[in-house]
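Please look through the sequence and the 3D structure shown here before reading on.

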Amino acid sequence: MDRTAGKESGYHAIPHCSIRRQSGGILLVAMLCTVCIVLFASEASAQCTARDVLQNRLTLRKAPSANTPPILVKSAFAVPVWRTITVGTFANSFALLNALDAAGCSIGGLAEEILARPAFTVGTAKASVELFAVSAAELGFQTGTVRLADIYARAQQLGFGLAAAEVAPQLRLQFFDQPIGEFLIIGMEPIKTWTGEPVILTVANGGVGLILIGQDGSADAEISVASRFLFVRSNEAALAKVVGGVDEAAAFGHH
């Protein structure tokens, strides 16, 4: 399948079992899909498909309304944990891709290419990661769009840190109740495609099933201020809080 056509959107849903298949005849494709289903049916049931999303519709949380005035974030420690996920549960990126296949999760062309790049790695040890959701508007930007580099700089100034790229596919596998119409951009270091284009990953529900997509990750990429990002808390911010807590306790001890 030619991934270059329309690759900038990266948003085209790839049917389950069609990912990474080379042309070789309808019969071969059908056989491969059958094998795929048999191999993974006992390990994971389809959860990302539109049918499964609709079956869980009553439990879906509504995406924040665009009409809701943003509450400015003054510190990463004023933002509650949005969701905790687990990383480091797969031996390599191929096993992670197979799990996405088994769950029926679609992968955009850019995202698929990024997950196959050497720069994309998975954790060697199982670990929990706390994610924090903030929009560019909540970070204090008021114009219609803002540069990605400026969003990252402001987020890091407030104590947020960039997440590992593995967070994106792991979140897709652990977030089956994503509201329709929600697009969550992972605050991460961009990974370059084979042609050198920087890409960041987004976990989305566009209404036709759950999907993992890629988008422009260049420093000058213009991002809508309504866009929501997922960050972690930076180690430096965590250390500052610990030190501040110690100093505060010492101060109270003198009274």
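Gln178 has a relative accessibility of 0%, and because buried means under 20% relative accessible area, this residue counts as buried. The model is a predicted one, and Gln178 is found in it within the loop that runs between α6 and β6. A polar atom of the Gln178 side chain lies 3.1 Å from the backbone oxygen of Val203.

- Helix α6 covers residues 167-174, and seven of its eight residues are buried, so the helix is largely enclosed by the rest of the structure.
- The buried residues of α6 are Val167, Ala168, Pro169, Gln170, Leu171, Arg172 and Leu173.
- Strand β6 (residues 183-186) is joined by three bridges to strand β8 (residues 198-205), and these two strands run antiparallel; within this pairing, Phe183 has Ala204 of β8 as its bridge partner.
- β6 also pairs with strand β11 (residues 228-233), here in the parallel sense and over three bridges, and Ile185 has Phe229 of β11 as its bridge partner.

**The disulfide**

- How many disulfides does a search of the whole structure find? The search finds one, and it is formed by Cys48 and Cys105, whose sulfur atoms are 1.9 Å apart.
- Cys48 lies in the loop between α1 (26-41) and α2 (50-55), while Cys105 lies in the loop between α3 (93-102) and β2 (106-107), so the pair ties together parts that are 57 residues apart in sequence.
- As a general point, a disulfide is a covalent bond between the sulfur atoms of two cysteines.
- The torsion about the S-S bond of Cys48 and Cys105 is about 40°, and therefore this disulfide is right-handed.
- Are the two cysteines buried or exposed? Cys48 counts as buried because its relative accessibility is 1%, and Cys105, with a relative accessible area of 1%, is buried as well.

- In helix α5, which spans residues 148-157, the residues Leu148, Ile151, Tyr152 and Ala155 are buried.
- When α5 is seen down its axis, the buried residues fall within an arc of 95°, so they line one face of the helix.

**An exposed loop residue**

- Ala119 is found in the loop between α4 (109-115) and β3 (127-135), and because its relative accessibility is 54%, it counts as exposed.
- Although Ala119 and Thr193 are 74 residues apart along the chain, their C-alpha atoms are separated by 9.7 Å.

**The protein as a whole**

- The protein has seven helices and eleven strands, and of its 255 residues, 43% count as buried.
- Among the contacts in the protein with a separation of 6 or more, 77% are accounted for by residues 24 or more positions apart.

Technical notes:
Residues numbered from 1 in each chain as written. Predicted model: local features only at pLDDT ≥ 70, side-chain atom pairs only at ≥ 80, totals over all residues. Heavy atoms only, no water. Buried < 20%, exposed > 50% of the residue type's maximum accessible area, 1.4 Å probe, protein only. Helix = DSSP H or I, 4+ residues; strand = E, 2+ residues; numbered from the N terminus. Disulfide = S-S within 2.5 Å. Pairing = 2+ DSSP bridges. Polar contact = N/O pair within 3.5 Å; in protein donor to acceptor, adjacent residues only side chain to side chain. Contact = heavy atoms within 4.5 Å. Arc of directions from axis to C-beta.
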